[in-house]
Amino acid sequence: MTSIDLGVPTVGAPSGIADVPALDPDAPKQTKRDFTSDQEVRWCPGCGDYAILATVQGFLPDLGLRKENITFVSGIGCSSRFPYYLDTYGMHSIHGRAPAIATGLATSRPDQSVWVVTGDGDALSIGGNHLIHALRRNVNMTILLFNNKIYGLTKGQYSPTSDPGTVTKSSPMGSLDAPFNPVSLALGSEATFVARTMDSDRKHLTSVLRAAAEHRGTSLVEIYQNCPIFNDGAFQLIKDRDQQQARLVHLVEGEPITAGSHELEGGREILIRADHGGVEFVAEGVVSAKGWHDRVVVHDPHAEDPSQAFAISRLDSTSMTHVPMGIFRQVDRPTYDDQVRAQVDSAVELGGGPATDDDLADLLRGSETWTVA
């Protein structure tokens, strides 16, 4: 394992990353191989995690950071083996607690680009509170949430994102639970960056990862990921080339949100603001005929109010008739870790320097003390 030299000069890094030790200008350009560890990759054949790993390994050199200034933290689950396969710093932590551990790391080590790798079970069940509070606080980290709608590592129990009626070892008569929508959950937690992508679309996955990494604050990226053993084909409707064009809704900043195309039966649909307060797709011809052009929803991920982004996230359903893909929200807000460090610096300045043992003793005693005989 390489050691971190905190004595090297720092330079301004990309907008989403704190100032970090500068790269050696004479060093060779980093490649995917530089970020690939010597560990044997152990996932089931056909697992979507392979595609995500290859994409991340290929993308990391684009960050322009030293390997020792990148840390991946994971919880428990198939996705949580990720840190073993990257030649960066990493921690395979405990079930559901990766965001909490990453919060401590991001706050204490501003030289680190902190990533969390988690799954729908790890993040949304036992780890639910840790996830929403990391999003609420806007800690400077990037969270990759692999969603395969099943518990894979523990051999196929239904998860917090499983569709109602899903038959598994723990729901032999079908799941009765209403599933979480991770994007809606993140937006409801006031996350400053929320996106969705898919394991098999490497170009889209890479573009979303780049935007997430450049964002300063908590970025949550939900990645639809196929589990070929316990929930194979969960996303087949939107992976099938004949179905994709009609079902996938690509979110493009500054453009109307549409589904389908003129070449498909039924034509193109346009998203409008509906009378019930939400949004809905209607045929393009209907928009023109009724003069509803002022109702057309133009995608604005930078809107301070997350209401429209939330409404868009609710288009998704178990039928996968319309599945939004892309960046739902991308706004600026002070980060938790920056503010904590500012408080510490302010306290040190007011106290005339770093704390001493006497200062700590005075703090523990406080202004009100009692002696118990």
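# Close-up views of a predicted model

**View 1. By class, six nonpolar, two polar and three charged residues line the second largest cavity.** Nonpolar means Ala, Val, Leu, Ile, Met, Phe, Trp, Tyr, Cys or Pro; charged means Asp, Glu, Lys or Arg; the others, Gly among them, are polar. The model is predicted: local features need pLDDT of at least 70, side-chain atom pairs need 80 or more, and totals for chains, interfaces and linings use all residues. Numbering runs from 1 along each chain as its sequence is written, and side-chain values use heavy atoms, without hydrogens or water.

The structure holds four cavities of 30 Å³ or more. A cavity is a set of points on a 1 Å grid where a 1.4 Å probe fits but cannot get out; lining residues have an atom within 4 Å of a point. Volume is the space filled by probe spheres on the points, which are joined across faces, edges and corners. For the second largest cavity, that volume is about 50 Å³. Its lining includes His299, Asp300, Pro301, Phe328 and Arg329. Helix H10 (307–313) and strand S13 (323–330) each give two or more residues to this lining. H10 provides the largest share, three residues. Helices (H or I, at least four residues) and strands (E, at least two) are DSSP runs numbered from the N terminus.

**View 2. The largest pocket has a volume of about 460 Å³.** A total of 29 residues line this pocket; closest to its centre are Gly77, Cys78, Ser79, Gly152 and Leu153. The elements giving two or more residues are strand S5 (113–119) and helix H3 (120–126). The largest share, three residues, comes from H3. The lining splits into 13 nonpolar, ten polar and six charged residues. A pocket is an open set of grid points with protein on both sides within 12 Å along at least five of seven lines.

**View 3. Ring pairs join Trp43, Tyr50, Phe59, Phe72, Phe82, Tyr85, Trp115 and Phe146 into a cluster.** Rings of Phe, Tyr and Trp (its six-membered ring) pair if their centres lie within 6.5 Å; planes under 30 degrees apart are stacked, over 60 edge-to-face, the rest tilted. This rule gives eight aromatic pairs. Phe82 and Phe146 form an edge-to-face pair, 5.6 Å centre to centre with 80° between the planes. The pair links distant parts of the chain, 64 residues apart: Phe82 is in the loop between strands S3 (70–74) and S4 (89–92), Phe146 in strand S6 (residues 141–147). Both Phe82 and Phe146 are buried.

**View 4. Tyr224 and Phe235 are stacked, because their ring centres are 4.3 Å apart and their planes are at 15°.** Tyr224 lies in strand S8 (residues 218–224); Phe235, eleven residues apart from it, lies in the loop between S8 and helix H7 (236–239). Tyr224 counts as buried at 3% relative accessibility. Phe235 counts as buried at 1%. Buried means under 20% relative accessible area (1.4 Å probe, protein chains only).

**View 5. The charged end of Arg295 sits over the ring of Trp292, 4.8 Å from its centre.** Arg137 sits likewise over Tyr336, its charged end 5.7 Å from the ring centre. The rule asks for NZ of Lys or CZ of Arg within 6 Å of the ring centre and within 35 degrees of the ring normal.

**View 6. Lys67 lies in the loop between helix H1 (49–59) and S3.** Lys67 and Asp34 are 33 residues apart in sequence but 8.3 Å apart in space, C-alpha to C-alpha. Beyond neighbours within four places in sequence, Lys67 contacts Gln30, Asp34, Phe35, Asp87, Thr88 and Tyr89. Contact means heavy atoms within 4.5 Å.

Definitions and conventions
Buried < 20%, exposed > 50% of the residue type's maximum accessible area, 1.4 Å probe, protein only.
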